[in-house]
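Here is a short tour of one protein chain, meant to be read with the structure open beside you.

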Amino acid sequence: MSVNRCMSLFSRLRPHVNSRTPRVTAGGGGRLSAGSGSSHRQQRAGSASSSSSPPKGPDTSLFVPVSVRTDLSADGSVGAELAQPLQKDKLLKLFNRFYTRKEMQKLAADQGLDARLFHQAFVSFRKFALEVSTLPADLHIILSDICCGAGHIDDIYPYFMRHAKQIFPMLECMDDLRKISDLRVPANWYPESRAIQRKVIFHAGPTNSGKTYHAIQRYLAAKSGVYCGPLKLLAHEIFEKTNDAGVPCDLVTGEERAIMDTEGRAASHVACTIEMCSVTTPYEVAVIDEIQMIRDPARGWAWTRALLGLCAEEIHVCGEPAAIDFIRELMYTTGEEVEVNTYQRLTPFSVLDQALESLDKLRPGDCIVCFSKNDIYSISRQIEISGQECAVIYGSLPPGTKLSQAKKFNDPDDPCKILVATDAIGMGLNLSIKRIIFNSLVKPNVNEKGEKRMETISTSQALQIAGRAGRFSSKFSEGEVTTMYRDDVPILKEILSQPVDPIETAGLHPTAEQIEMFAYHLPDATLSNLVDIFVSLSQVDGLYFVCNIDDFKFLADMIQHIPLNLRSRYVFCTAPINKKQTFVCTSFLKFARQFSRDEPLTFDWVCRHVSWPLAQPKDIKNLIHLEAVHDVLDLYLWLSYRFMDMFPDTKLVREIQQELDDIIQQGVRSITRLIRATNQSITNPLQTQNSKPGQTSDNSNKTADRNSPTHPRAKRGPSGDNTLASRLVREGLLTPGLLQQLQREWSKQELINQYALDTEHHDSNNKGKKK
């Protein structure tokens, strides 16, 4: 081969960069850095929209390297023909020298490779160069030149960067990714809304002040309108009230559509859950309820979307006064003024000085508020032992069961006059409550980072719950609020005396279109990784935050191995699922797998999966499973409105869901029987084995309640670990005889301990008398 031909071929093989990388001196700039915000929100909003704000540095821990092609035999051995063979030991020393050069690390950092990515890229590059059978010709020649002393170690840099951009494709398109994830001016996402001059009316007031009533009156009088509520129950309530008032109204929730026109034409009015509102349909009046939820870490984006995007001449916003200033500021960015109407509570409520302290002091119209289902079960059982009847309401109950229990409690002819509930009563239910009793002032909360912790309830939460006492139009003209325990009374008074924290930010969430554009640039990334990178690069001004996406990522990781197109995968991952329920998550996985096979999920398939028909629950565990099955049917209905062809039997599934709702209602009506059955099965396995069917003991039930781990004053110890004993007996790992011997030893030890305590107490009393 001639020298001219060699030089010509070599010039074509080199990448379009200067192979002689100039020596880099310290002090160079160009690193990505996160922008800093000013102290005033308007200044932040103004500066964020300008193009001069520095771009946000990416979280490089989210960059997952992709595999590169190592079979280059098709390129031939041109490099080996043009240069001498390469020795692996010399190459290893060469690469290690390149890695330690600070100048190369700095130059790579200017291209987006921080220390983490630089190390990952170098390890991959070194492995590629040492293990591949045939190197690319241009790289082979450069390495040969350096080994022979005809080149500089820095000449490796262009080829290293070429490899780095192959395994980290996001480096090549970082500017485009930043533009896609720029969330600083969300008002511009809704051109139809910006094309009209809307009038915004804020109805501000506490619970039971009539603020929503006034907004609904304007909604009913309009030629067309949309009501956006936070719960299905509220959407159903407005749907029924609107039609009862003679105004045709449709219902739209994630799991249900109710069209009033027999020919299927849309009505002029619609009541919907806020996630389902249309931002392209024109209305005369729109009502957005519970606007303070715009700061909710998980669902706040839905209120932001409705407020900025609804195409209505009048936007009526209802919520706490703490949101007034923020909504004014948010509307300032759209050029729309806010008219504020304030309301006072229609019926007063007072905080009592005495705690309840004993369930024997319960009176008709009392509601005990708990923050866990276990506490609800324990307290319900104790109320039943005292001879009173109670209704039960908690969040995971089906809507029909909640309404049934509310009706039972409100019915003056029903003997049930006590309610035990979670904070699910805070919205969506009209209840005739005289006195609210907080069983606890601590509840689990999830912050914007997705971290779960036990925290004292906020003033806003306390007011929302306490405001249910003495509701207008109920038989109680005044409400009362107290706590179960004496020590909590001053804490409750302190909480209620504090002003509600003002709302300062609104939630945002990446759309399917934005994720699809990310996927175009990063085709090999998983959906979970795409969302992570999006949030990492996203830029928001001081008025907004990106909502927590942990649940979305959880579902995305669960079905990552299932072959789905990106849009379908995204829709599946936005399904409202409680990830704590194992059966629901398993069903979600099976739904996605069946969908990916292009096999419709028929009614028979669903019945086989949930083992329909289902029997009445025998204990609490059965009841919880029925609630999970109800959620699975909800999931089917939710998906059926997104993929109608693949989930065809909506009507049949809705029918069995209604039957299941009735079964759950029957179970909750006799919930104390289920709790008693549950306690009997775990309290004493020997007693369960030896007792005759149907025989129970009130004393043993009371003991079980006191020893329950959910009881507020429960004692925990070895003798209370009966669940383990029961399981060991069932599995044959412990015989009844051995268990009896262990129980005798435990009882004996308890007597010894009690005797020691009594002796110590007696001695201390004698010493006190002598003193």
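## An edge of the sheet

Histidine 203 has asparagine 341 in S8 as its bridge partner. This model is predicted, and the pair is a handy place to begin.

## The whole sheet

Now let's step back. S1 and S8 sit at one end of an open sheet of eight strands, ordered S4-S3-S5-S2-S6-S7-S1-S8, and the pairing is mixed. Which strands form the edges? They are strand S4 (257-258) and strand S8 (338-342), each of which pairs on one side only. Strands of a sheet pair through backbone hydrogen bonds, either parallel or antiparallel.

S5 is mostly covered, with five of its five residues buried. In a regular strand the side chains alternate between the two faces of the sheet. In S5, His269, Ala271 and Thr273 point one way, while Val270 and Cys272 point the other way, and all are buried.

Both neighbours run parallel to S5. Strand S2 (residues 225-229) is joined to S5 by five bridges, and tyrosine 227 stands opposite alanine 271. Strand S3 (residues 249-252) is joined to S5 by four bridges, with aspartate 250 having valine 270 as its bridge partner.

## An enclosed helix

Helix H7 (residues 137-147) is also well worth a look. Nine of its eleven residues are buried, so H7 is largely enclosed by the rest of the structure. Its buried residues include Leu139, Ile141, Ile142, Leu143 and Ile146, and also Asp138, His140 and Ser144. Just after H7, glycine 149 takes a positive phi of about 85°.

In soluble globular proteins, nonpolar side chains tend to be buried together. In this chain, the largest nonpolar core has 164 residues, and Phe160, Phe572, Phe591 and Phe647 touch the most other members. Helix H25 (residues 620-640) gives the most to this core, with twelve residues. A second, separate core has 27 residues, among them Val369, Ile393, Ala462 and Ala469.

What does phenylalanine 647 touch, leaving aside residues up to four places away in sequence? Its contacts are Phe572, Phe591, Phe595, Leu601, Tyr636, Leu639 and Ser640.

## The chain overall, and where to be careful

The chain holds 31 helices and 18 strands. Of its 771 residues, 48% are buried. Among contacts between residues at least 6 apart in sequence, 76% join residues at least 24 apart. The chain exposes about 38000 Å², of which carbon and sulfur atoms supply 51%.

As for confidence, the average pLDDT is 81, and 77% of the residues score at least 70. Over residues 1-53 the pLDDT stays under 50, and the model has 78 contacts beyond four places in sequence for this stretch. Residues 683-722 also have pLDDT below 50, with 47 contacts in the model beyond near neighbours in sequence. Where pLDDT is low, the predicted coordinates should not be read in detail.

Notes:
Residues are numbered from 1 along each chain as its sequence is written. This is a predicted model: local features need pLDDT of at least 70, side-chain atom pairs count only at pLDDT 80 or more; totals for chains, interfaces and linings use all residues. Side-chain values use heavy atoms; hydrogens and water are left out. A nonpolar core is a set of buried Ala, Val, Leu, Ile, Met, Phe, Trp, Tyr and Cys residues joined through side-chain atoms within 4.5 Å. Buried means under 20% relative accessible area, exposed over 50%, partly exposed in between (1.4 Å probe, protein chains only). Helices (H or I, at least four residues) and strands (E, at least two) are DSSP runs, numbered from the N terminus. Contact means heavy atoms within 4.5 Å. pLDDT is the predictor's confidence in each residue, from 0 to 100. Accessible areas come from the Shrake-Rupley method with a 1.4 Å probe; for residues, only the protein chains shown count as cover. Two strands pair if DSSP finds at least two bridges between them.
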